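Please work through each task before reading its solution.

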Amino acid sequence: MRKKIIAGNWKMNKTVQDAVELANAIKLDLAGCKEVDVVLCPPFTALKAVSDVVSETLISVGAQNMSSEDDGAYTGEISHTMLKELFVRYVILGHSERREYYKETDLWINKKMKKALEKNLRPILCVGEKLEVREAGETESVVEEQVREGLKDIPAAAYTELVIAYEPVWAIGTGKTASSEQAQEVHAFIRGIVKDMVGKDAADAVRIQYGGSMKPANAGELLAQPDIDGGLIGGAALEARSFVDIVKAGI
Ligand code: PGA
């Protein structure tokens, strides 16, 4: 039985003060939530403050990116050591916005994945197709390449730690959600690729989140699908009520 994992990706939103308010409001409802893993991913500048708010609760903190390097002359980058110092446990890698605007490649994302795992951080690997890819009927080949390249050379044992997020790019921030059937189909396909890569045990264990306009109104149906093990929530994670309601839909 895979435990569901709901993560809020706050993207480039929230000052420290706003982040503390939001984390406190979420904590009121979810501090002791055992049924679902709850992860808050504020911007780097608010990681410390949010970590302080949720310390001594079951809520975890995640970052939205991480350098593939240990330290050195990489202006603007943040290392695993810096994240761990702030009690960060998860890190989102390869989000479609990073692939699109900052030209992150599968090779680079794979390097970050390996670094995160080596340093005991739990990476959330984002994959997903753009609208033109879906319309051309190429969703499977594009997602397969992202999964195979992003997870290349990662041993089977690591699949209990890492998370995959399927986020169709056309559904992110657009209000268009993949139907639960569309999402389930791709999630099952991804699990099949993992099985082919590293075997059935790892495929059964790995958690695959859905992301893309998930909200309280559609969360229940999405989370009821056999291969959907949680959500990576953008817009609806910026407000405590909707985020908490999505988590509750997963219980
Ligand atoms: P959204 O974003 O929920 O606003 O669509 C999801 C994401 O990009 O992780």
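**Exercise 1. Where does D227 lie, and is D227 buried or exposed?**

Step 1. D227 is placed in the loop that links helix 10 (216–223) and strand 8 (230–233). Helices (H or I, at least four residues) and strands (E, at least two) are DSSP runs, numbered from the N terminus.

Step 2. The model is predicted: local features need pLDDT of at least 70, side-chain atom pairs count only at pLDDT 80 or more, and totals for chains, interfaces and linings use all residues. Residues are numbered from 1 along each chain as its sequence is written, and side-chain values use heavy atoms, with hydrogens and water left out.

Step 3. The relative accessible area of D227 is 13%. Buried means under 20% relative accessible area, exposed over 50%, and partly exposed in between (1.4 Å probe, protein chains only). D227 is therefore buried.

Step 4. Apart from neighbours within four places in sequence, D227 is in contact with R2, Q184, H187, A188, R191 and I208. Contact means heavy atoms within 4.5 Å.

**Exercise 2. Describe how helix 1 packs with helix 2.**

Step 1. Two packed helices are described by the angle between their axes and the distance between the axes. Axes are lines fitted to C-alpha atoms, for helices over the stretch in contact, and angles run from 0 to 180 degrees between N-to-C directions.

Step 2. For helix 1 (residues 16–30) and helix 2 (residues 47–54), the axes cross at roughly 25° and come within 9 Å. Helix 1 is therefore roughly parallel to helix 2 (angles under 35 degrees count as roughly parallel, over 145 as roughly antiparallel, 65 to 115 as roughly perpendicular and the rest as oblique).

Step 3. V16, A19, V20, A23, N24 and K27 of helix 1 make the contact with A49, V50 and V53 of helix 2.

**Exercise 3. In what order do the eight strands close into a barrel?**

Step 1. The order is 1-2-3-4-5-6-7-8, and the pairing is parallel. Two strands pair if DSSP finds at least two bridges between them.

Step 2. On average, neighbouring strands of this sheet are turned by 25° against each other, direction ignored.

Step 3. As one example, strand 3 (residues 60–63) pairs with strand 4 (residues 90–93) in the parallel sense over two bridges. A63 stands opposite V91 in strand 4.

**Exercise 4. Describe how helix 10 packs with helix 11.**

Step 1. The axes of helix 10 and helix 11 (residues 240–249) are 8 Å apart, at an angle of about 20°. The two helices are therefore roughly parallel to each other.

Step 2. P216, A219, G220 and L223 of helix 10 make the contact with S242, D245, I246 and A249 of helix 11.
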